[in-house]
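Please read the following report alongside the sequence and the coordinates.

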Amino acid sequence: MYNLKQFVKQLFFAIIYWVLAFSIFILIRFVAHGEEQGISFMNPKNNVPVTEWIHFGVILGVLVGVLYAIIEFIFNKFITKNIYLGLSILLKTIIYLLVLIFSLTFIIEIIEIDMDINLQNERGWWKQNSLFWLAASYFFLASFIFLFLKLSFEKFGRGVLLNLLIGKYRNPTEEERIFMFVDLKSSTTIAEKLGHKEYSKLLQDCFFDLGKILSRFDGEIYQYVGDEAVITWKLKNGLKNNNCIELYFAFAKQLKRRSKYYLKRYKLEPFFKAGVHGGELIITQVGTVKKELAFHGDVINTTARIQDECNKHDESLLISEELLNMLDLKLKYSAKNIGNILLKGKRDTLQIMAINN
């Protein structure tokens, strides 16, 4: 069900993007370069208003958007993880070229019927057609922009890219955030058993599974540190539908679902423990050579210390009472009082709770 929702979401944005992209292409081609340039590949006596071309651009955008979304979904789910990036790019380039040939041939046939004109659409028409290669160049440029936006959203989270562009985080900005530190249990023992290479592959697989469910709960990866992933939410997003708790149990369920793979590949079932806490902190843009967003504040250190307590109390998920009181767990989960704990490096104790399902 989630994969279907994710695909529908990607499909929607792909269609919107490609409809806009091809509409802009038509406006540039048929308006900025003049009408004669626009109809150079057909009967020059056939004057067609630009609005009619936009209509065909919308059809082309929908067609390409659907095919583009299907290809991206298939690659992300089944192919990209198993082949080299260079080979993935080569395969996508070939497939997208075929998609463009098919889509433009289809649109030309529609134009012929709708306008009652003869166009160049015989077999192999695209090989010597300058307009096709212009459209292909534009398509791959638009694909690069689409990929850039997609990677930016994955890297920074939704809305952050715009804030970076307008310089919101050039000056330190205060925000309320929730953090979760997710750490592989018995990591030292596992690393010694597997060796550093196999251990690294195990972490790749685990964090790949984490990434597959992350967007469902509005989580954002702040950073990976060794065998640990640091996840963050804006306070509102983390509290909504108990996202900051639901993510952990969904991750555990995802790992359990793939237990046969992990047992066959690594002879073990990975298990992660986590600590969750929230509060006010500072977010700012740092660095000049490698710019990134950094979070500064006691919230991060406290969350890390809460996660450290998991082994001491034999619990998988610990949370500060302060944050727990903001959530509505109802009857789905049970909360157990661990006590007022003096966390490492802290002067004051903090009430810690354990959550189990």
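K267 lies in the loop that runs between α11 (259–266) and β4 (272–286), where helices (H or I, at least four residues) and strands (E, at least two) are DSSP runs, numbered from the N terminus. The model is a predicted one, in which local features need pLDDT of at least 70 and side-chain atom pairs count only at pLDDT 80 or more, whereas totals for chains, interfaces and linings use all residues. Residues are numbered from 1 along each chain as its sequence is written, and side-chain values use heavy atoms, with hydrogens and water left out.

Most residues other than glycine have a negative phi. K267, although not a glycine, has a positive phi of about 60°, and K267 is exposed, with a relative accessible area of 59%; here buried means under 20% relative accessible area, exposed over 50%, and partly exposed in between (1.4 Å probe, protein chains only). D314, in the loop between α12 (298–313) and β6 (317–320), also has a positive phi, near 55°, in a residue other than glycine. D314 is likewise exposed, its relative accessible area being 62%.

Two packed helices are described by the angle between their axes and the distance between the axes. The axes are lines fitted to C-alpha atoms, for helices over the stretch in contact, and the angles run from 0 to 180 degrees between N-to-C directions. Angles under 35 degrees count as roughly parallel, over 145 as roughly antiparallel, 65 to 115 as roughly perpendicular, and the rest as oblique. For helix α7 (residues 187–194) and helix α8 (residues 196–214), the axes come within 6 Å and cross at roughly 125°, which makes α7 oblique to α8. In this pair the contact (heavy atoms within 4.5 Å) is made by S187, I190, A191 and L194 of α7 together with H196, E198, Y199 and L202 of α8. The crossing of α7 and α8 is right-handed, a crossing being left-handed if the near helix is turned anticlockwise from the far one by less than a right angle, and right-handed if clockwise.

Helix α8 also packs with α11, at an angle of about 170° and with the axes 12 Å apart, so that α8 is roughly antiparallel to α11. Residues E198, K201, L202, D205, C206 and D209 of α8 make this contact with Y261, Y262, R265 and Y266 of α11. With helix α10 (residues 243–257), α8 packs at an angle of about 130°, the axes being 10 Å apart, and α8 is therefore oblique to α10. The crossing of α8 and α10 is right-handed, and there C206, D209, L210, K212, I213 and L214 in α8 meet L247, A250, F251, Q254 and L255 in α10.

## Buried residues and their contacts

T302, in helix α12, is buried, with a relative accessible area of 4%. Apart from neighbours within four places in sequence, T302 is in contact with H277, L343, K346 and L350. E228, in strand β3 (residues 228–234), is buried at a relative accessible area of 13%. The C-alpha atoms of E228 and F207 are separated by 9.2 Å, with the two residues 21 apart along the chain. Leaving aside neighbours within four places in sequence, the contacts of E228 are F181, V182, D183, F207, Q223 and Q307.

Y333 is found in the loop between α13 (321–324) and β7 (334–341), and Y333 is buried, with a relative accessible area of 8%. Y333 and I355, 22 residues apart in sequence, are 6.6 Å apart in space, C-alpha to C-alpha. Beyond neighbours within four places in sequence, Y333 is in contact with I245, E246, F249, I355, N356 and N357.

## Cysteines and overall totals

The structure holds 0 disulfides, a disulfide being a pair of cysteine sulfur atoms within 2.5 Å. C206 is buried, with a relative accessible area of 0%, and C310 is buried as well, at 1%.

The protein chain has 13 helices and 8 strands, and buried residues make up 46% of its 357 residues. Among its contacts between residues at least 6 apart in sequence, 69% join residues at least 24 apart. The accessible surface of the protein chain comes to about 20,100 Å², of which 59% belongs to carbon and sulfur atoms; accessible areas come from the Shrake-Rupley method with a 1.4 Å probe, and for residues only the protein chains shown count as cover.
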